[in-house]
Amino acid sequence: TGVRLQAEKALVEFTNSPDCLSKCQLLLERGSSSYSQLLAATCLSKLVSRTSNPLPLEHRIDIRNYVLNYLATRPKLAEFVTQALIQLYSRITKLGWFDCQKDDYVFRNVIADVTRFLQDSVEHCIIGVTILSQLTNEINQKSINTADTSHPLTKHRKIASSFRDSSLFDIFTLSCNLLKQASGKNLNLNDESQHGLLMQLLKLSHNCLNYDFIGTSTDESSDDLCTVQIPTSWRSAFLDSSTLQLFFDLYHSIPPSLSPLVLSCLVQIASVRRSLFNNAERAKFLSHLVDGVKRILENPQSLSDPNNYHEFCRLLARLKSNYQLGELVKVENYPEVIRLIANFTVTSLQHWEFAPNSVHYLLSLWQRLAASVPYVKATEPHLLETYTPEVTKAYITSRLESVCIILRDGLEDPLDDAGLVQQQLDQLSTIGRCEYEKTCALLVQLFDQSAQTYQELLQSTNSSTIDITVQEGRLTWLVYIIGAVIGGRVSFASTDEQDAMDGELVCRVLQLMNLTDSRLAQAGNERLELAMLSFFEQFRKIYIGDQVQKSSKLYRRLSEVLGLNDETMVLSVFIGKIITNLKYWGQCEPITSKTLQLLNDLSIGYPLPSVRKLVKLSAVQFMLNNHTSEHFSFLGVNNQSNLSDMRCRTTFYTALGRLLMVDLGEDEDQFEQFMLPLTAAFEAVAQMFSTNTFNEQEAKRTLVGLVRDLRGIAFAFNAKTSFMMLFDWIYPAYMPILQRAIELWYHVPACTTPVLKLMAELVHNRSQRLQFDVSSPNGILLFRETSKMITTYGNRILTIGEVPKDQVYSVKLKGVSVCFSMLKAVLSGNYVNFGVFRLYGDDALDNALQTFIKLLLSIPHSDLLDYPKLSQSFYSLLEVLTQDHMNFIASLEPHVVMYILSSISEGLTALDTMVCTGCCSSLDHIVTYLFKQLSRSTKKRPAAMATDDRFLHIMQQHPEMIQQMLSTVLNIIIFEDCRNQWSMSRPLLGLILLNEKYFADLRNSIVNSQPPEKQQAMHLCFENLMEGIERNLLTKNRDRFTQNLSVFRREVNDSMKNSSYGVNSNDMMS
């Protein structure tokens, strides 16, 4: 790596040297090795891209012409050199798109540049086509240049729109014509160069169709942006059926190595926006599309190639995402096509091991088809009642058949990929609800077979474990699928018969659960348990609570078969299962956390009656009275597991806390009784701390478990009476133990983070629960404890020295972030009067704030924005400080003030809206404070405090800081997609009033940057912005400015649109 670093350093020096240009030319002319040519090309790319000290226009034109000649005279360069030179050409063209020389846009005659390549040999043709392909791609790429921070996105959109309007259609037409010529000749595709040419042509067509026409696609990976926003001026290409025909013909005539590219183009063509056509044209286009699909399905040989198969599945999914079922059924061959698609889907599902990632698209097609059945108005039959059950059946039976093969061959089990299974089940939940009787009948039949075999195997003495495992695997899939189809119930479309069928399915799963639970003492199956929990989750969503009438046929069936007569009895089954799982699966993290999540969901109990019913159950009372490790092993202090595995305890106690609160009222004895196990744990830790020699491992475990439990209770107790009981229990008796833990283990984040989080929860005035009585000093005492903890932790964590970059968050920044949240919660909790501290000479407030500053200065700016949790806690704390403690901010040292201001400046452009809004708010408080100080100092009050002058003085020394923020905010409002315009408008008025001269200069430069015919309109926009605004920051004046600003932004955007997108800017939307 040392050599590598030296090489990189030498490269940077080479690029920055003044004679780099001539050296690069020499390398290209005389360089014997391909690598020297590559070096020259990449250095030139860097040269033309730099924003500071850019190359003059003449040089860039020379480089462009030189590159084209170089490529034309040397068609047989190494591939990576050709690639780098084409990249260089594309970069020059993109960055110089708006450059003029004698009224001529010198870099725009792209097609002319390439034509001479296309009239020469095959090698030249390949280069020409690659140039166009690479250029289209380059212009479509968002980052125009990462170093160019002045609204790069706007500049990118201007270039992309201009290229779209002036050249893209010509390039697309050219590529289609060349493809037509190629498919007309009998190409010899064994010849490498002809194969290469065809590949480049297809890539070019795909790049044209994949272009971001209106600047919407934010993320290339999401496949759901299913509409291609083709401009209206391209209509002719799509109304002419020969374009579509060309790609379908190509697919059948070229080898499988190239056909995935053809299908990718077809996927884009199938996704052309609907509004490009009128109804008749769209029907005709769809009919050609469906014919092409039918032809592929009738000759499926090439689909045995996984890439072809994948792209074809995507093409099928687009049929429904872009067209309505009512349009599809009117296509001439619809009955035949839907039969072919159904057969193709069934075959694909049966071969589950082939291309598993493509199944998603097929299921999404059927999911969308099934979902639109109730809405289709066409008279033609859609035949889905015939084919959907076949798809459902194929999915279910193929999953069951896979179990045995996966076990036999030791393959990866798809059930281990929870995300994928969940996604497929969501799709199946809609598909299976179409013709639900058939789905249920199939599930009942399969379930009964498996369950019976399973029972027989368990009763027999000589059955092999592999047979048992196979049946458990099949039952696991069936339980997941039953949960999914029950979760697919839509209340308005559901009938009594369907609810009765749900009852049949639920009874079977509950009977299976009784069987497996009875065996847990000997053996259990983790996957099957997870499937049960998934089933319970769906069952809870649909049938527990107010949303379902108790007369539902489902309950009648449960009562007949299992004697569960009402919701209370069903709830007791839930709680029974939860207790069983916690008892037997306490050491299995996935099951414990999912079980506790289920308990948590039940305890939130949106309809109160169902929570009241829960609390009355004897099993719940048992949990409230016996939450100890002897009953629930995961509460134990075992030394095997990790400290961080105790997270689930917080969930457990949140649920218990909610359930306890239902009937707690003001009953302190009941509360004391509930807290006994926690009291015992605290006493144990206190006992250990009081001796010098204690088992550190055990102390850590006991304490971490305890504070996680307490945090759960504190979170749940969001009413004043119950929270005050908790507060009196913990303070003052047990606070010293928490403080001691922080002193001892500040360098062990697994211990300190839970303690800090507990403290942050205790000081959080959730739903006004921290309302102390008039005569109680507890608010101030609680703040003292908070201040002590922040100071203890802060001063110690700063002593740990350098931390490796990959551990800095877990070891240091996470704790610091929690301290920031804690300080924010206590400062904004509204239960402490912070004026008394200075009045009575108490340094608690000063200590906390000084520690905050020390911690802040130890964090680089980049980290503040790189770690989302840290940035949210820091910026929300800063907002409170600038609002209520501006005197403290004003008294800070100049370098600290500058640090805080630059962190605000960087946060203004953050992607996280919360951070950005917090920055606007903080900036507003600072600017308002400055404005008041300035207007006071002009009135010359002799009693003005020295600190205020000092802050003013710092700001007058560094006017560029505030000016830069003014220009940032204005730029965001004018040029970017401003998501929080109201927040941005608040500090802007103060910034303008503090910097009137700078604002005037900024305004002139923005006006002058517009094309001459737009300057007057832009000038007028600025005039209207300040219309009727007075020189003060009163609320009435601010509100007026905010209103003016929204009008200003709208007018400026209209004016800019028309100027940057050339003549046919409205063409896109028509």
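Predicted model: local features only at pLDDT ≥ 70, side-chain atom pairs only at ≥ 80, totals over all residues.

Trainee: Let's start with helix packing. How are H4 and H5 oriented relative to each other?

Mentor: H4 covers residues 57–73 and H5 covers residues 79–95, and they pack at an angle of about 150 degrees with their axes 10 Å apart. Angles over 145 degrees count as roughly antiparallel. So the orientation of H4 and H5 is roughly antiparallel.

Trainee: Which hand does the crossing of H4 and H5 have, and what class of residue makes up the contact?

Mentor: The crossing of H4 and H5 is left-handed. On the H4 side, the contact is made by Arg60, Ile63, Arg64, Val67, Leu68, Tyr70 and Leu71, and on the H5 side by Thr82, Leu85, Ile86, Leu88, Tyr89 and Ile92. Sorted by class, the contact of H4 with H5 has 2 charged, 1 polar and 10 nonpolar residues.

Trainee: Now H18 and H19. Are they oblique or roughly antiparallel to each other?

Mentor: H18 (residues 384–409) and H19 (residues 418–433) pack with their axes 10 Å apart, at an angle of about 140 degrees. Roughly antiparallel needs an angle over 145 degrees. That makes the arrangement of H18 to H19 oblique.

Trainee: Which residues meet there, and how do they split by class?

Mentor: H18 passes H19 in a left-handed crossing. From H18 come Thr388, Thr392, Tyr395 and Arg399, meeting Gln424, Leu428, Ile431 and Gly432 of H19. By class, the contact of H18 with H19 has 1 charged, 3 nonpolar and 4 polar residues.

Trainee: On to charges. How many salt bridges are there, and which residues are linked in a network?

Mentor: Side chains of opposite charge can pair when their charged atoms come close. With a cut-off of 4 Å from nitrogen to carboxyl oxygen, the count comes to 42 salt bridges. The residues linked in a network of salt bridges are Asp448, Glu504, Arg508, Arg557 and Glu560.

Trainee: Arginine 64 has a salt bridge too. Where is its partner, and is arginine 64 buried or exposed?

Mentor: The partner is aspartate 113, at 3.9 Å from N to O. This pair links distant parts of the chain, with aspartate 113 in helix H6 (residues 110–118) and arginine 64 in helix H4, 49 residues apart. Under 20% relative accessible area means buried, so aspartate 113 at 12% counts as buried. Arginine 64, with a relative accessible area of 6%, is also buried.

Trainee: What about glutamate 336 and arginine 339: how many residues apart are they?

Mentor: Their side chains meet in a salt bridge at 2.9 Å, N to O. Glutamate 336 is partly exposed at 29% relative accessible area, and arginine 339 is partly exposed at 32%. Both lie in helix H16 (residues 334–350), about one turn of the helix from each other, which is 3 residues apart.

Trainee: And aspartate 496 with lysine 553: which helices does that pair link?

Mentor: The side chains of aspartate 496 and lysine 553 meet in a salt bridge at 3.8 Å, N to O. The pair links distant parts of the chain, 57 residues apart: aspartate 496 in helix H22 and lysine 553 in helix H24. Aspartate 496 is partly exposed at 44% relative accessible area, and lysine 553 is partly exposed at 26%. The helices you asked for are H22 and H24.

Trainee: Leucine 276 is in a loop. Is it buried or exposed, and what is it in contact with?

Mentor: That loop runs between helix H12 (259–270) and helix H13 (279–298). At 1% relative accessibility, leucine 276 counts as buried. Threonine 232 is 44 residues away from leucine 276 in sequence, yet their C-alpha atoms are 6.3 Å apart. Leaving aside neighbours within four places in sequence, leucine 276 is in contact with Ile230, Pro231, Thr232, Arg235, Phe238 and Glu281.

Trainee: Last one: which residues does histidine 382 touch?

Mentor: Histidine 382 is found in the loop between helix H17 (359–372) and H18. Its relative accessibility is 16%, so histidine 382 counts as buried. Not counting residues up to four places away in sequence, histidine 382 touches Leu325, Val329, Tyr334, Val373 and Val376.

Terms used. Residues numbered from 1 in each chain as written. Heavy atoms only, no water. Axes fitted to C-alpha atoms, helices over the stretch in contact; angles between N-to-C directions. Helix = DSSP H or I, 4+ residues; strand = E, 2+ residues; numbered from the N terminus. Parallel < 35°, antiparallel > 145°, perpendicular 65-115°, else oblique. Left-handed = near helix turned anticlockwise from the far one by under 90°. Contact = heavy atoms within 4.5 Å. Nonpolar A, V, L, I, M, F, W, Y, C, P; charged D, E, K, R; others polar. Buried < 20%, exposed > 50% of the residue type's maximum accessible area, 1.4 Å probe, protein only.
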